[in-house]
Amino acid sequence: MTIHLAEKTLSEIERKLRADQGAAFRRELGIAVQQCDDAFRAEEESPFRSHLGASILGRDCTRELWYNFRWVKKARHIGRTLRLFNRGHLEEARFVALIRMCEWDIWQVDAKGKQFRISDFGGHYGSAIDGVIRGVPEFPNEPIMGEFKTHNDKNFQKLKKMGVAGAKPEHVVQMQQYMKYKKLRVCLYLAVNKNDDELYAEFIYAEPELADQFTDRAGRIIFSEGPPPRAYENSASFGCKFCDFREVCFKGAGTEVNCRTCKQSQPQADGTWSCRRFNRVLDKDRQLAGCNVWEPIDGMVGVETTEVPVFGDAFGFGLLQGRE
Ligand code: SF4
Ligand code: SF4
């Protein structure tokens, strides 16, 4: 596959930085960093994401994505990982500052000031977009998608050698999704090596068929009633090494107790979740709480908990005392 490096774009960034020794970059960074809401959000994040994200849709294991969407296990991270996430958010401001320093346009929010997003399946699927850019030397008049990534040194060297498709195919899937939903033809993939600040830039072109295949995959994951097949048959496989769900997947460990791990819950096409047993729509708080008649989805077991509320209390249509 041909790799289209964004050489003129990188040269222009270098030329501008040298011209005033980074003065315009720092000025723009001062502005961009204040708009970097994700890096400064003070409230604790929910342990579960409401939707299936396009940023993970290209991962190999369909079952892992389903476990994620079904809130099978809470994501609790160590401090280093949390700082890594935060660094990724802060780096976004540096990419934006480089683009503005070059006097190219970048749009990140809509007319109401909300970050650009893609969304489908009623909202069960979606993602925020880094930005839409116009003015890079290779496509001076065409709005193109922008995707910003940070890499450790090992991954960065792989990226330089193999291009995005060879080194990080899931990033290609992510960009294909963005281009599909925003009807753009090209995406600028801009990456930084966290070790030495080297930049890498490549253009990725829209492939509608590939994008559709992965959108279909998202739909199958969202509406699957049970765990899809594993990508690997052995938990010692490299692909399972960093999976949060290894114990559940291979060792029959318990899942979290919430509505999404209950066999009575169902995602609906309009983006809501409903409970078959109580014939009710479940908002996020209710989904998180579950109830005392929770039943595991076939093939999964629940973690014992004493904090599961009585469902009837919340809706006032009759108490269900104890598990049946
Ligand atoms: S443990 Fe392996 S097979 Fe199971 S969900 Fe994770 S990646 Fe997939
Ligand atoms: S309300 Fe209770 S029965 Fe209904 S989906 Fe949630 S846990 Fe299951």
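**Close-up 1. Exposure and ring geometry of Phe 238 and Phe 242 in the predicted model.** Phe 238 and Phe 242 are both exposed (over 50% relative accessible area; under 20% is buried and in between is partly exposed, with a 1.4 Å probe and protein chains only). This is a predicted model, in which local features need pLDDT of at least 70 and side-chain atom pairs pLDDT 80 or more, whereas totals for chains, interfaces and linings use all residues. Residues are numbered from 1 along each chain as its sequence is written, chains are lettered from A and ligands numbered from 1 in the order written, and side-chain values use heavy atoms, without hydrogens and water.

**Close-up 2. The aromatic pair of Phe 139 and Phe 203.** The structure holds twelve aromatic pairs (ring centres of Phe, Tyr or the six-membered ring of Trp within 6.5 Å; planes under 30 degrees apart are stacked, over 60 edge-to-face, the rest tilted). One of them, Phe 139 with Phe 203, is edge-to-face, at 4.9 Å centre to centre and 85 degrees between the planes. Phe 139 lies in the loop between strand 6 (131–134) and strand 7 (144–151) and Phe 203 in strand 9 (residues 199–205), so the pair ties together parts 64 residues apart in sequence (strands are DSSP runs of E, at least two residues, numbered from the N terminus). Phe 139 is buried, with a relative accessible area of 11%, and Phe 203 is buried at 2%. Phe 238 and Phe 242 also pair edge-to-face, at 6.1 Å and 85 degrees.

**Close-up 3. Arginines over phenylalanine rings.** Arg 230 lies over the face of Phe 250, 4.4 Å from the ring centre. Arg 260 lies over the face of Phe 69, at 5.1 Å (NZ of Lys or CZ of Arg within 6 Å of the ring centre and within 35 degrees of the ring normal).

Methods
Helix = DSSP H or I, 4+ residues; strand = E, 2+ residues; numbered from the N terminus.
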